[in-house]
Each structure stands twice: as C-alpha cells, then as structure tokens.
2 protein chains.
Amino acid sequence: MCLSFMIYFDNSATTFYKPPSVIGAVNSSLKYLSANPGRSGHSLSLKTATLVHKARINVANFLGLECGNVVFTLNCTHALNSAIFGIVKKGGHIITTCLEHNSVLRPLYELKRGGIIDLTILSPVSGTDFVTAKQVELAKRQETCLVIINHISNVTGAVQPISEIGSICKKYAIPLLVDGAQSVGYVDIDMGAMGIDMLTIAPHKGLHCPQGIGVLAVREGLSLKPRIYGGTGTDSLSLYQPLELPESLECGTLPTPAIASLNAGIKWTLKHTHSNREKLFALSDFTTSELKKISGIKIYTATNSVGGIVSFNIKGLHSMDIADILNNDYNICVRGGLHCAPLMHKFLGTMESGIVRASFGFETTFGDVNSLIKAVRNITHNI
Amino acid sequence: MCLSFMIYFDNSATTFYKPPSVIGAVNSSLKYLSANPGRSGHSLSLKTATLVHKARINVANFLGLECGNVVFTLNCTHALNSAIFGIVKKGGHIITTCLEHNSVLRPLYELKRGGIIDLTILSPVSGTDFVTAKQVELAKRQETCLVIINHISNVTGAVQPISEIGSICKKYAIPLLVDGAQSVGYVDIDMGAMGIDMLTIAPHKGLHCPQGIGVLAVREGLSLKPRIYGGTGTDSLSLYQPLELPESLECGTLPTPAIASLNAGIKWTLKHTHSNREKLFALSDFTTSELKKISGIKIYTATNSVGGIVSFNIKGLHSMDIADILNNDYNICVRGGLHCAPLMHKFLGTMESGIVRASFGFETTFGDVNSLIKAVRNITHNI
C-alpha cells in the first residue's frame, strides 16, 4: 500500500511521519481503553476519562495555558469555528489578516454576509511578511470583539508578531484568537506570555498525531456560545446545552484514540523539537538558496520563515502543472494551487498561477531536497 | 493498562471490542496513508482520497443508499446537527419523539428557544414501545419540514416502525431523519426501501470502529446548509462555503484513520451479523427472564427489542448506586443514570432514579450474564 519511493514534501498539509509512540498510543486505546469517557461511572469509562484528562493537562502545559480549558474537536477548522461563533456578537467588528486560511475567512465572510459582523482585513506592511501591532491598534473600533491572526502562513511560512499584537489586544481587552495550525510544534508558544486568549491546533501537523483531532485552548474567563448541541454526559436532565467549558463545546462521543495520541505526540515533539527545527531550517535554507540560482524561479518563502517550507514558481508554468510534473516524472509530492488561502494569493499576486509549496518533515534528508533542486533545474531547462 | 477482569456491559455507549482488521486498518492508515485526502494532487494524497472514496461507497452500499452522499463527521451528534441545522427553515415545524437522545433534543430545543421552529414530541402509543405512522400523520402540518425518529432507543432497545413512518413522510414529501446510533450494525437498514432521507451513524457502536467518526448519509436531492465553514479543498478562491455535498458539510482535514476503519468495520459486521445478533438476542432474553424471577426487580427493556440490551432497576436503590455496586463489588460495568435521554425517562417515570442499562457485545458470554444475574440477586438480598 505504501508508495515508499515517493518523496513526501507536503508536511504542511499533514505530517506523513507518525512516531511509533503515537501509533502505539492509538493502538493501546483501541485494544484496552475503548470505553466511552465521561459517559458512565464504571472503572473502564473512568480509565478512559483519566486518559482524556491527562491529554488536556499535557496540551495546556505544552501551550503555556496556566488557567483555562482545552476543548477537543474534529480538526483545527472546527476549533476555529467554535472560537469564532462562540465569541461573536451581532454588530461586532472583527480584525484579521489576508494571511488567513479559509477555515477563518469562510466563517467570517458568512457572518459578514449575514449582517452579523463588520470585518477589517489587514495586509503585511510593505516590504515585510507581517502585519504589525500598530495596524491592529489603528483598525480597532469600539465594537471590535475579536482579533484573529494566523501565526505562521501555510503559503509562505511568514511568522506574525503575536506577542506584540497580544499586548495591544490586552491593552484594549479584545480577545485574540491565534490560528496555530502551522506553528504549534514548530515554534515555542506560551499563551500567557504572548497574550493569546484562544489558540487552535492541528495536531496531525506539528505534533505528528493522527488526523481526526483538533484543539481549541481557551484562557479562563472567556465565555463561548455552543455552535453544536447534544449530549455532554453532564446535566442530562436539561434539554439545553450546558454552558460550562469544555463540555459545552464537546458534544457526543470524543475521538478517544486520537486524544490518546496527543500525550505521545507532545512527548515526542518535546524530545525532537530542537534537532528537528534546526534540520528543517537548514533544509529549507539550502533549498531556497539553490533554487534562487536557477533562472526563471520565483521564491515566495517569507524572509522570517522559521523553516520547513519552500514556496516557489517556475516562470511560464502553472503551479499545478509543476506539482504534476514533480509527482509524475520525479516522484516528488508537493502541493500546487491556492492552499485554501485565497487572500494571501491575492496579496502575493498569484491567484492565477497558485504557488508550489514544498514542505519538509522529520524524515526529509538533504538527498531528498537535492532531488527537488535537480528536478526543478531539469523542468526549467525543458520549458 | 487493561482492566481485563472487568465484565463490560456498556456496549450501547461504545463497543469495547474492536476487531483486529479494524485496528489493522487504522494502523495501515497511520503508517502508509498519512497524506491529506482531497487537498493535493500528488500520488500519496490521491491514494488517501481513494481510501476515503471507497469508505463512502461501502457505507452507501451497507445502508442501501443508492443515490446520495455520505458525509463524515466527528461523531453521530455532529452528524445529527449537520442534518437538523442543514434542513431547518425559519417558521418550520419538526416532529420527533420522546425516545430521542439529547443529540437530537438539544439542537431542537435551541431552535425552539430561538423562535426558529415549532416542535411536536410524540410518545409511544399506550401499551407499546413505539410511535405510529398514524401519530406522525396526525401531527403533520403544512409547515412541517422534518421528522426525526430514533430507530432504536438507547434506554430500552425499543424499535420504531421506520418503514411505516417513512411511507407517511414520503406521502407528504417531508424529509425523514433517522438516528441510527443504536441500530446500524444490529438491524438491516435499506434507506431506499424504508423511505429514510437522512440517516446518522455512530460507527464506534454497531460497526466496532474507533471513536472519532460519525456518518450522515443523505439521499440525492436534499439540500443542506452548512453549519461549520472552512477549507474544503474545492473552489478555494471562493470566500464562501461551497454548497455541494459532501464537501459543504466536511470542513478541514478528515479523520482519515477512522474513515479507513469503516471499510474493515463494515466487512467485519457483514461477516458476523447473523451469529452476533442471534447471540445478543439469546443473552438478553435469558438475562431478562432470569432477572424477572428476582423479587424487587423492574424491567424496562422494550418488548420489541432486537436484543443486546437489558434495562432494569432494583426497588429501593438509585440506578447510579446499583451501577456503583456492580462495578465496585462485582467488577461489572453497566451504565446507570439518564443515558442523555431525559424525555424517555420522563415517559418511563424514571427521571429520579434513572435506569440501569446492561448492554452486551460480541465478546459477552453466558458466564458473563450469569455473573450479572447472581450479582443482582445478591444485591436485592442485601438491601
């Protein structure tokens, strides 16, 4: 089943490598801990509930969430929806950026279309890859109820100055929601120190966990309205959704095996963080330098990228065609197109062509990136 | 980690036994098919997308959904929310039953509280365990936009006459949503023949799959509004959610390992259906008969139950206390309380006491149920 001869450069979509400890945690959960957590009082259910509780603690510690709640969802998109619809108020104003993924833009545009909110979308300051705290401050209104910032762009790897924006949000008591899909696991995060009120995670990316789990971490004191309603295992006599976190946002049976994997994924990440980050930076730095030497190549990787991502185009070719050629002729998996981030491509002027994104992972070697460099060289020669 | 000395009688909450083929499918997915389906055009992503597509076909075939869509969600509750919020219209009227789980009741009560819908809740005809098609017909109004029926009660195992209700719904062109959480895998379902427009599944129950996956099967022609918005891997330039199923209701990364398990789970279920159902019926029939012989026992199991569930109380004890005693003194896991079905307990007159539910599974033996019978006998003697 494994196409093991392929070189996988799509780790920003999902990390292909899942550590044995992560797979082991899923297996153990399926074999020995299959009871339903938080639904019954018997020992097997309590054992599973303990595992889930442990995962909440581990996630909170990993993110520097000293006092608050960890909510488990299907994926990062559902976590973002829970945060956005949870906090939004009619007549509110939301500030965000053009770097956002459709998981942020589509809920916001739906709210705007429905006349619920007004929206300000900031673009990076000319000549840089980031929006500034000053821009956020200038965009702020009396009715601003939320600021949403994509920590690391899934298109260019651009890093936003979260701490500075966090300070501004704190100054005006506006909740700050950070989309950590591409950052958690790759840069250190301390929600408290950075002034983040809500943070969403895609554990199947930087934490090397399975697909099927998302996280919304919420600081204490924020009140979020449920978007989905159902059984919570609490206050069962009530025909209305309980409003206490995390249950209020967690309806129905939890994805226990994926939650179990978080404990192992965080442990693995903490152990490999330093070496993995250094390697990813070296790999992408080398690749970018080599690609720059090839005529007809345009690089889009942000100058402040922490590594792991190389974004480029070849003059005269559509990004999807480049991705197809790399896949079919060179056994290299990259992602062309728009990466579900339309406004970022509008900003970069690549709405027509898209961009080729090569995103490296734990198993990527210099041999692998050399294959990519050689392949791109060949393709440009053959145009 | 395994408390293997425990007798697990909470299979209605989640089946504890996961077949090796199901665990194997999850493992294979994690090891060899970790790419993101539907997000890139490269071979590894396409391979995963093929697996997901295969699961949609298998689910559709298994349910007799000839023409329609299979939507993957976090769990059955999210599937029900997708269906309810997807179809509801302001000023609409919804018919449902007192047998429903909070996964149906809480969304409906929220819609009612918001002035969006009016609600009719039917109770079983006196002396039976089911509502009739005639009751549905009498409750129907011009503005009725949905009928929701719990196929099999999670409290008593009561089976509702879906085909008859389906005929009535078809006659008046009212969509019928069936909550199949407790039925799929335990009784044959043919959505076409039974007149079911939408069916929800909890694969971690009757299909012996992992927790972390739900299914909404929708017949062709029904239009459902999204409740959650985000990237779909389709029409990425659009800042609005695409309206085409299944993508419109599937935002963000899918739970691929759990989806992979569906293929194995359905195969396993088909192979073991006949023997497993016979065994479950024999076990619960025997247990009910024996418990009935004990003084002070009240049985709540429905007379039309297809088996696998035994619901009872012991006079003078709260159901939660009985469950605790069974767990602590006899190593037997049952579920006391309200099972997230408050109106069913109101109907049964057990809102105060709750009910003890023993739900059997693939690994349950006559030795196991004899342990339960003996334990109950002891408890009643010691009151």
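Trainee: Which residues of β10(B) point one way, and which the other way?

Mentor: B:Ile309, B:Ser311 and B:Asn313 point one way, B:Val310, B:Phe312 and B:Ile314 the other way, and all are buried. The model is predicted, so local features need pLDDT of at least 70 and side-chain atom pairs pLDDT 80 or more, while totals for chains, interfaces and linings use all residues. Residues are numbered from 1 along each chain as its sequence is written, chains are lettered from A and ligands numbered from 1 in the order written, and side-chain values use heavy atoms, without hydrogens and water.

Trainee: What makes β10 of chain B mostly covered?

Mentor: Buried means under 20% relative accessible area, exposed over 50%, and partly exposed in between (1.4 Å probe, protein chains only). Six of the six residues of β10(B), residues 309-314, are buried; therefore the strand is called mostly covered.

Trainee: Why is β10(B) said to pair with β12(B)?

Mentor: Two strands pair if DSSP finds at least two bridges between them. Four bridges join β10(B) to β12(B), so the two strands pair, and they run antiparallel. In this pairing B:Phe312 stands opposite B:Val356.

Trainee: How many bridges link β5 and β6 of chain B, and in what sense do they pair?

Mentor: Four bridges link them, in the parallel sense.

Trainee: Why is one side of β2 and of β4 in chain B left without a neighbour?

Mentor: The open sheet has the order β2-β8-β7-β6-β5-β3-β4, with mixed pairing. β2 and β4 stand at its edges, each with a single partner strand, so one side of each has no neighbour in the sheet.
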